[in-house]
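Colleague: I would like to go through this model with you, one part at a time. Could we begin with the terms and then turn to the details?

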Amino acid sequence: PSVPRHANRLVNEKSPYLLQHAHNPVDWYPWGQEAFDKAKKENKLIFLSVGYSTCHWCHVMEEESFKNKEIGEIMNKNYVCIKVDREERPDVDKVYMTFVQATSGGGGWPMSVWLTPDLKPFAGGTYFPPEDGVHRVGFRTVLLRIAEQWKENKDALLENSQKILEALLHVSEVRVQGQESPPPSKEVMATCFQQLSNSYDEDYGGFSKSPKFPTPVNLNFLFTYWALHRTTPEGARALQMALHTLKMMAHGGIHDHIGQGFHRYSTDQHWHVPHFEKMLYDQGQLAATYSRAFQISGDKFFANVVQDILLYVSRDLSDQAGGFYSAEDADSYPTTASGEKREGAFCVWAAEEIRALLPDPVEGATEGTTLGDIFMHHYGVKETGNVSPMQDPHQELKGKNVLIVRYSPELTAARFRLEPGRLDALLQEGRRRLSAARAQRPRPHLDTKMLAAWNGLMISGFAQAGVALGEQEYVSRAARAAAFLRRHLFDPASGRLLRSCYRGEDDSVEQSAVPIQGFLEDYVFVIQALFDLYEASLEQGWLEWALQLQHMQDKLFWDPKGFAYFSSGADDPSLLLRLKNDQDGAEPAANSVTVTNLLRAACYSGHMEWVEKAGQILAAFSERLQKIPIALPEMARATAVFHHTLKQVVICGDPKGEDTKEMLRCVHSVFSPNKVLMLADGDSAGFLYRQLPFLASLERKDGKATAYLCSNFACSLPVTSPQELRGMLCP
């Protein structure tokens, strides 16, 4: 519309989520001093709404309530209204989510919280329908009731909010309790394996009935467990659970068979009907996990899935400057003429659409068979749609199909009397045509915000894939993204990371007026990425930067009293709590990943206090690791790495020499959870030689590339054949 629309202060923000609300009748403020001052000056309560741009129920609440003029008036009259993108400000989100979970027993987004003018929470929830229903109070009613309470019982409310804050401080504290040693690794690993094994779905894989999430942290734990117990029945089961889950996910509807990549999670037990948004952090972690599956099993199936994920990210989530975008939405317009968006519209198919696209008779198959028949059979397409009404409460997918691989290639080929070798090409042609047809549909919204932490996870995905699949172009893509971080999300003057940057009007990269400083997770995932990138590229510059960032992380976030790292820095007075995340969920907790980072950092630098810090983190989380390690599978995995001491694999050789490359290929082909790779290239003025004096004593045997396996800087006898090296890496 050409009429200038009403705009609120969010119109000056850079976050795509905040910009989505810039024309609401609600007088939204971003999180910041201007809003806090207004609340204090006018003695008004604050209404805080937190969400993110690919959150379905956030869109619903906006349509129903925040676009409603009358509700907007009630909000503006009684409250200072603040909108937060949780992906930009995970610190603010976490403080108030801790409150909502503690007081209502559940949490989620959109999160709705009412605060006193000094930012203390006293009431909250998630999604509210606009009007009262049989079972639920409507948003309008809640707004009016709370405003009334503030008028009538201000003092009681303030006193209550103070008590709530004290209780939250108490329950959310993670600290070392007297004993200062890490928990016994053997028991933690055994308990975590047992808890995962008990919740495992034998038929479809995964670790819950429904909904089902693609939790890479569980699968990585199982790979490490297998590597340490290769010859036991438990070890074999751990590997089987992980590989079966990865296969079922790749066959399922959670995997986009036409557009590549993985959707967020499955609403059913069979990995069939997903919530359709695609998140960068899932693609990054799954690329790494499928790479490990290929490394361990040698099964090309897993390598194909890795290529599929990285194709999607390179094509749809990549900025031309080298960074990665955050997400693609689930909702989109079914056609260019549609008035309202529907979930999954971009990805689902009616049977007749597929028939019309694939009408060709197939030579050599059963009489009268078309390409459409074969494709529909293989991918479980039904005339009336293959989504059960249970999975589709809003009837958005009625008559539609979510593609899911229902049969093995052998079975589908046999069903149509095809030679098995021909099926692959036929299905590929079917996918190609559906992909071209889908390109005509309106695309879902793309969140072009670029976050340091998630870019870190994606760099690790590309680097590990490059190593496992022997694909140099993946390593180059990881290096481009790391150079992007260095250029746009790092402040060389202060040595600090920034949280986010944004795609501007003319595809330039922009920063907000006051840049958001990096959080713990930004440092941890970027440091992990730089170590992974060093091992893949052997460029020492990445290593040097990683160690600088590790020192900065220690300075900004370490808790010297209770041990472990706080999620946010100490320099933001608007944050009521400094928390430590104690759950490995869709993303691993930063403290979990940092244990392994610290151990790697010590191997590359000789700074042994980093090993001590790693042990102190495990001590701080000791109780949880012993009782419910399934909540922290990545940290449980790290207890084993800590316990078994990292092995330094040092290759002495010329990086360009064929013999060196052969040794490196051997190291890269083996999954070993406790190895750290370094190349001693003989340049005694280089960064590694300056850090690690012991490297100077290692030499090439008979002038050939030579490998040493070192532990705590003491080394094995030299070996010059890849076979011998493999034997040492897989004891």
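This is a predicted model: local features need pLDDT of at least 70, side-chain atom pairs count only at pLDDT 80 or more; totals for chains, interfaces and linings use all residues.

Colleague: Is Gln616 buried or exposed, and why?

Modeller: Gln616 counts as buried, because its relative accessibility is 15% and the cut-off for buried is under 20%.

Colleague: Which helix does Gln616 lie in?

Modeller: Gln616 belongs to helix α22, which covers residues 609-620.

Colleague: And what is Gln616 in contact with, leaving aside its neighbours within four places in sequence?

Modeller: With those neighbours left aside, Gln616 is in contact with Trp558 and Phe563.

Colleague: Let us move to Phe99. Where is Phe99 found?

Modeller: Phe99 sits in helix α5, residues 90-104. Phe99 has a relative accessibility of 1% and therefore counts as buried.

Colleague: What does Phe99 touch, not counting residues up to four places away in sequence?

Modeller: On that basis, Phe99 touches Val113, Pro121, Phe122, Ala123, Gly124, Ile164 and Leu168.

Colleague: Now the helix pairs, please. At what angle do α11 and α12 pack?

Modeller: Helix α11 (residues 280-297) and helix α12 (residues 300-316) pack at about 155°, and their axes are 8 Å apart. α11 and α12 are therefore roughly antiparallel to each other. Their crossing is left-handed.

Colleague: Which residues meet there?

Modeller: Among them, Leu286, Tyr290 and Phe294 are on the α11 side, and Phe302, Ile309 and Val313 are on the α12 side.

Colleague: And α11 with α17, at what angle do they pack?

Modeller: The angle between α11 and helix α17 (residues 452-469) is about 20°, with the axes 8 Å apart. α11 and α17 are therefore roughly parallel to each other. α11 passes α17 in a left-handed crossing. The residues that meet include Tyr281, Gly284 and Ala288 in α11, and Trp454, Met458 and Gly461 in α17.

Colleague: Another helix, then. How many residues of α14 are buried?

Modeller: Helix α14 (residues 371-378) is mostly covered, with seven of its eight residues buried. The buried residues are Leu371, Gly372, Ile374, Phe375, Met376, His377 and His378.

Colleague: What covers the buried residues of α14?

Modeller: The covering elements include α13 (351-357), α15 (409-415) and α16 (420-438). Just after α14, Gly380 takes a positive phi of about 65°.

Colleague: On to the strands. How many residues of β19 are buried?

Modeller: Six of the six residues of strand β19 (residues 675-680) are buried, so β19 is largely enclosed by the rest of the structure.

Colleague: Which residues of β19 point one way, and which the other way?

Modeller: Lys675, Leu677 and Leu679 point one way, while Val676, Met678 and Ala680 point the other way. In a regular strand, side chains alternate between the two faces of the sheet.

Colleague: How many bridges join β18 to β19?

Modeller: Six bridges join strand β18 (residues 647-652) to β19, and these strands run parallel. Together with helix α25 (residues 658-668), β18 and β19 make a right-handed β-α-β unit.

Colleague: What stands opposite Gln648?

Modeller: In β19, Val676 stands opposite Gln648. In β20, Cys710 stands opposite Gln648. β18 and β20 pair in the antiparallel sense, over six bridges.

Colleague: How many residues of β20 are buried?

Modeller: Five of the six residues of strand β20 (residues 706-711) are buried, and this strand is mostly covered. β20 also pairs with strand β21 (residues 714-715), in the antiparallel sense and over two bridges. Cys710 has Cys715 in β21 as its bridge partner. The hairpin of β20 and β21 has two residues between the strands, and Asn712 takes a positive phi near 50° in that hairpin.

Definitions and conventions:
Residues are numbered from 1 along each chain as its sequence is written. Side-chain values use heavy atoms; hydrogens and water are left out. Helices (H or I, at least four residues) and strands (E, at least two) are DSSP runs, numbered from the N terminus. Buried means under 20% relative accessible area, exposed over 50%, partly exposed in between (1.4 Å probe, protein chains only). Contact means heavy atoms within 4.5 Å. Two strands pair if DSSP finds at least two bridges between them. A crossover is right-handed if, with the strands pointing away from the viewer, the path from the first strand over the helix to the second runs clockwise. Axes are lines fitted to C-alpha atoms, for helices over the stretch in contact, and angles run from 0 to 180 degrees between N-to-C directions. Angles under 35 degrees count as roughly parallel, over 145 as roughly antiparallel, 65 to 115 as roughly perpendicular and the rest as oblique. A crossing is left-handed if the near helix is turned anticlockwise from the far one by less than a right angle, and right-handed if clockwise.
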